[in-house]
Amino acid sequence: MCGIVGYVGPQRATPLLVDGLKRLEYRGYDSAGVAVMNGKGVETRRAAGKIARLEQVIAEEPPLGTLGIAHTRWATHGPPTERNAHPHLSHDGTIALVHNGIIENYSALKQSLQARGYVFHSDTDTEVLANLIQEAFAGNLEAAVIEALRQVEGTYGIAVISSLDTEKIVAARKGSPLLIGLGDGEYFVASDASAILRHTRQVIYLDDGEVAVVARDGYRIVDLDAHAQDKPVTRIEWDLEHIEKGGYAHFMLKEIFEQPTTVSNTMRGRLILEEGFSKLGGLNMTREQLLSVDNVIITACGTSWHSALIGEMMIEELCRIPTEVEYASEFRYRNPIIGPNTLCIVISQSGETADTLAAMREAKRRGAHTLGLVNVVGSTIAREDHGGIYLHAGPEIGVASTKAFTSQVVALALFTLKLARLRDLSVERGRQIAQALADLPKQIQSILDRAPEIEALAEEFKRASNFLYLGRGYNFPAALEGALKLKEISYIHAEGYPAAEMKHGPIALIDEMMPVVFIAPHDAVFEKVVSNIQEVKARKGRIIAITTREEPSLKGQIDYEFRIPETVDLLTPVLASIPLQLLAYYIAVKRACNVDQPRNLAKSVTVE
Ligand code: F6R
């Protein structure tokens with residue numbers, strides 16, 4: 001979603017800001033801009049479309065200066081045009097502002113500002129804030145920002161500069177991630193560490209309600225009552241190469257191929273094979289607390305919600321604890337039943353998804369113990385949960401989530417194993433699951449080695465306009481995930497369904513034009529899936545099946561078969577999802593789609 005970069009120091013700001021924006025491109029955006037203090041005033045350049053377009057505009061007349069702010073915008077209020085691109089200037093041009101988030105009461109504020117003579121030049125909610133800051137300005141920018149923020153409702157990560165208080169950037173956060181980077185004689189503001197990693201590894205994450213003043217000679221962080229805050233400095237441990245393509249055509253392909261490693265990293269130091277047990281240091285729950293869990297709620301969005309569904313089945317099967325999965329956006333607005341022994345598991349790759357964060361806060365407020373399964377270290381969910389399991393999958397840059405999904409399922413399996421073994425699960429069964437987990441990286445690699453087979457399949461199906469994905473049990477969520485991957489990046493309409501439920505409606509769609517992907521490993525529900533395959537074949541559907549063994553009853557029923565290795569039932573979605581990710585990827589590439597930045601999507605959805 002929207003990205004922010006700010007710089008103050010001895011270097012020319014514009015090239016540095018543009019480079020930072022490029023590092024944020026993966027998050028999804030549709031316009032971009034910069035504002036630089038040029039010695040006399042604030043100079044802005046903005047453009048609709050990609051950063052390359054902004055660079056052309058800048059090249060015509062580059063703004064010169066050593067302090068500035070920049071932004072990539074993902075449209076919410078108003079179309080993605082140049083006039084709606086950030087930075088936005090206040091009515092008199094003295095304040096420039098970039099903003100992530102949504103000002104919910106902007107309409108009322110705008111009307112009253114207009115009544116006081118302020119003229120607006122965009123359709124955005126952000127411009128209201130620029131004008132409120134102008135109105136509150138009495139010589140000190142941070143005081144004006146604090147005063148303006150008191151009037152707004154909603155969420156924001158902002159960076160502000162002023163031609164009347166020229167030596168500082170003021171940044172503030174509520175509900176939208178923001179950090180400051182500490183360089184050598186220079187300082188940065190960013191919504192994501194990847195924007196500034198070339199320059200520094202030392203960062204301070206702002207919390208909600210904090211305001212940072214960043215100048216050439218240092219920084220200060222205060223709360224909205226101007227009380228100084230003492231904040232820890234965090235060192236970023238990953239490298240720039242993690243956010244580069246490393247020879248792959250796309251980030252998504254690189255991330256698909258990284259999965260043998262990322263899945264190993266999720267398990268590293270956590271699996272005790274001989275005891276069939278797992279060690280999870282970050283849960284912050286005693287054995288007694290773990291044993292007294294009465295029910296589990298898992299909440300998440302999108303792909304993370306699919307892994308949550310798999311987690312639900314694992315926990316109910318092996319721990320025998322009632323578990324419910326909720327879309328975070330629904331959970332937060334109903335009246336969920338949470339008791340003192342409710343465990344709320346929150347799953348999020350980014351750790352910043354607005355709905356998931358709000359759902360976690362709601363669960364905490366009602367007294368649940370919260371556990372975050374998060375990939376991005378230092379993200380808001382990771383900082384606010386009671387405990388958690390980091391995925392350690394490394395930065396995921398492709399907008400379509402791949403390696404985070406498999407790591408989420410593995411992390412859920414590790415957690416289930418621990419909880420189940422503390423309860424009734426036998427050592428033997430524990431060992432079997434632990435061994436199956438340990439075998440996954442090699443098995444994933446063996447599937448990836450056969451990627452050309454999937455590429456050939458993609459060639460066959462690249463012109464389809466609909467797809468149906470069917471699975472049962474643990475592989476119903478895998479079907480949902482396969483369909484989501486395809487629709488996100490290839491724009492082919494795809495639906496995931498429980499295989500038998502297909503008879504209650506979607507079967508009407510099946511004819512010789514409809515590709516149907518069955519996820520049919522030899523698991524507890526295999527025989528049932530075979531019947532569903534026959535039902536589709538009888539209606540001339542074109543069947544692609546992900547299977548694990550030769551099956552006589554399927555002879556002549558399947559058009560394209562792809563075999564994956566066998567594993568325990570609960571881990572089959574990890575292996576099944578690899579060919580499905582590859583299928584979506586290759587079809588999208590063959591349709592000339594922008595795989596890493598699909599239209600309308602954002603990597604981290606930080607608005608409701
Ligand atoms: C799909 C995808 C999204 C995310 C969803 C939640 O490929 O990436 O559906 O899974 O927006 O994001 P996180 O996991 O960051 O909370």
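**Pockets, a cavity and a ligand**

Biologist: How does the lining of the second largest pocket split by class?

Modeller: There are 12 nonpolar, 13 polar and six charged residues in that lining. Nonpolar here covers Ala, Val, Leu, Ile, Met, Phe, Trp, Tyr, Cys and Pro, charged covers Asp, Glu, Lys and Arg, and the others, Gly among them, are polar. The model is predicted, so to speak of ground rules: local features need pLDDT of at least 70, side-chain atom pairs need 80 or more, and totals for chains, interfaces and linings use all residues. Residues are numbered from 1 along each chain as its sequence is written, and side-chain values use heavy atoms, without hydrogens or water.

Biologist: What counts as a pocket or a cavity?

Modeller: On a 1 Å grid over the protein atoms alone, a cavity is a set of points where a 1.4 Å probe fits but cannot get out, while a pocket is an open set with protein on both sides within 12 Å along at least five of seven lines; lining residues have an atom within 4 Å of a point.

Biologist: Back to that second pocket. Which residues lie nearest its centre?

Modeller: Cys301, Gly302, Thr303, Ala602 and Val605, out of 31 lining residues. Helix 9 (302–319), strand 19 (342–348), helix 11 (354–365) and helix 16 (475–490) each give two or more residues to the lining, and helix 9 has the largest share, with five. Helices (H or I, at least four residues) and strands (E, at least two) are DSSP runs, numbered from the N terminus.

Biologist: Which domains does its lining draw on?

Modeller: Domain 2 (245–448) and domain 3 (450–608) each provide at least three residues. The bounds come from an automatic or database domain assignment.

Biologist: And what volume does the largest pocket have?

Modeller: About 750 Å³, with volume taken as the space filled by probe spheres set on grid points joined across faces, edges and corners. Trp238, Asn375, Val376, Val377 and Pro395 are the closest to its centre, among 40 lining residues. Helix 7 supplies three residues, the largest share. This lining takes at least three residues from each of domain 1 (3–236) and domain 2 (245–448).

Biologist: How many cavities of 30 Å³ or more are there?

Modeller: One. The largest cavity holds about 80 Å³, and nearest its centre are Thr76, His86, Gly101, Asp125 and Thr126. Nine of its lining residues are polar, two nonpolar and two charged.

Biologist: Switching to the ligand, which residues come nearest?

Modeller: Ser304, Ser348, Gln349, Ser350 and Thr353, of 14 around it (a residue is near if one of its heavy atoms lies within 4 Å).

Biologist: How much of the ligand is buried?

Modeller: The protein buries 90% of the 410 Å² that the ligand exposes when taken alone (Shrake-Rupley method, 1.4 Å probe).
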